[in-house]
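Dear colleague,

Please find below the structure that I am handing over to you. My notes on what was found in it follow directly after.

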Amino acid sequence: MLKAPKRKQPKNNSSSSSSSTKSSKRAKTINTEPYPDHPRPTPDECRAVRDTLLALHGFPKEFIKYRNRRLNKNPNNSLKSEALDVEEENDAGNSEEESVLDGLVSTILSQNTTDVNSQRAFASLKSAFPTWEDVLAAESNHIEDAIRCGGLAPTKASCIKSILNCLLEKRGKLCLEYLRELSVGEIKSELSQFKGIGPKTVACVLMFHLQQDDFPVDTHVFQIAKSVGWIPAVADLKRAYLHLNGHIPNDLKFDLNCLLFTHGKVCRQCSRKGDYKSKKESNDECCPLLTKKHSLIQNDII
């Protein structure tokens, strides 16, 4: 007697289901608080540190134009009501706002160099190649020559060329203005597709050039955050970024980031290099964020 042929079992979607589950878990992992048992910094602590550094340094002049652009984009922003020591900057000579692509490239050129050198490199690049189409068409060695004063010229030139090529291929033109219409998550996804663009560069473009609420973590901010206990001693840059962005109120992120960056450059105790100087110097060279008198670790705020 012939046996009936075995019926083929329908293919289940276990693999796709598993893949979907993994993607879901991965998304949850990315968005999950990396240090759930570390409650700092609190909103009150963030504001206190912002006010302490503002009284010490005044608002950094190099960031005033970006702060004003945030106010112009969001007239009802709470920054407007804050009585900060911010000098108005006359943008008459720079009425044309830089493009998002300008901002991205200038951020790349600022990596591993001083502000002065990165600004020179960007000015030299724009002088040698008036349009981004000119940069894309240029030989890599000519781009390197233009940005050499900013350091790491071969690496940065390669990164810039790669971005321009990718952008032209994907969008058909060398323009990133479409990012202004996207959400923060969508912007991060778009920029992260470019080779050589890391989380800190993305965060800087978000905060400075797209007027979004984000908190870049550079070495200065990272060191200070560890020194005052805002992140665990074992924290790395990636987890520090996730933790601080989850704890610092959006309306304080821009001011606090600019002030921490400035303080880290001049405070010997925070950066462990350079000289501690401020517009209100005293004989006590202890960092006001770390001294017993001002330390928020020993303050009732915590």
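Accessible areas here come from the Shrake-Rupley method with a 1.4 Å probe. For the protein, the accessible surface comes to about 17200 Å², and carbon and sulfur atoms hold 50% of that surface. Please keep in mind that this is a predicted model.

Overall fold

The protein contains 14 helices and zero strands. Read from the N terminus, the order of elements is accordingly α-α-α-α-α-α-α-α-α-α-α-α-α-α. Of its 302 residues, 44% count as buried.

The nonpolar cores

In soluble globular proteins, nonpolar side chains tend to be buried together. The largest nonpolar core in this model has 39 residues, and Trp230, Leu244 and Leu260 are those with the most contacts inside it. The elements that give two or more residues to this core are helix 2 (43-57), helix 3 (64-73), helix 10 (199-209), helix 11 (219-227), helix 12 (237-247) and helix 13 (250-266). Helix 13 provides the largest share, seven residues.

What does Leu260 touch, not counting residues up to four places away in sequence? Its partners are Val49, Leu53, Phe215, His220, Val221, Ile224 and Trp230.

A second, separate core has 36 residues, and Ala121, Phe122, Leu125 and Ile197 are among them.

An aspartate in helix 4

Asp102 lies in helix 4, which covers residues 100-109. Is Asp102 buried or exposed? Its relative accessible area is 11%, so Asp102 counts as buried, the cut-off for buried being under 20%. Leaving aside neighbours within four places in sequence, Asp102 is in contact with Phe122, Lys126 and Trp132.

Cysteines

A disulfide is a covalent bond between the sulfur atoms of two cysteines. How many disulfides does the structure hold? The number is zero. Two cysteines may be described by their accessibility. Cys166 has a relative accessibility of 22% and therefore counts as partly exposed. Cys175, with a relative accessible area of 25%, is also partly exposed. Both descriptions rest on the range for partly exposed, which runs between the 20% limit for buried and the 50% limit for exposed.

With kind regards

Terms used:
Residues are numbered from 1 along each chain as its sequence is written. This is a predicted model: local features need pLDDT of at least 70, side-chain atom pairs count only at pLDDT 80 or more; totals for chains, interfaces and linings use all residues. Side-chain values use heavy atoms; hydrogens and water are left out. Helices (H or I, at least four residues) and strands (E, at least two) are DSSP runs, numbered from the N terminus. Buried means under 20% relative accessible area, exposed over 50%, partly exposed in between (1.4 Å probe, protein chains only). Contact means heavy atoms within 4.5 Å. A nonpolar core is a set of buried Ala, Val, Leu, Ile, Met, Phe, Trp, Tyr and Cys residues joined through side-chain atoms within 4.5 Å. A disulfide is a pair of cysteine sulfur atoms within 2.5 Å.
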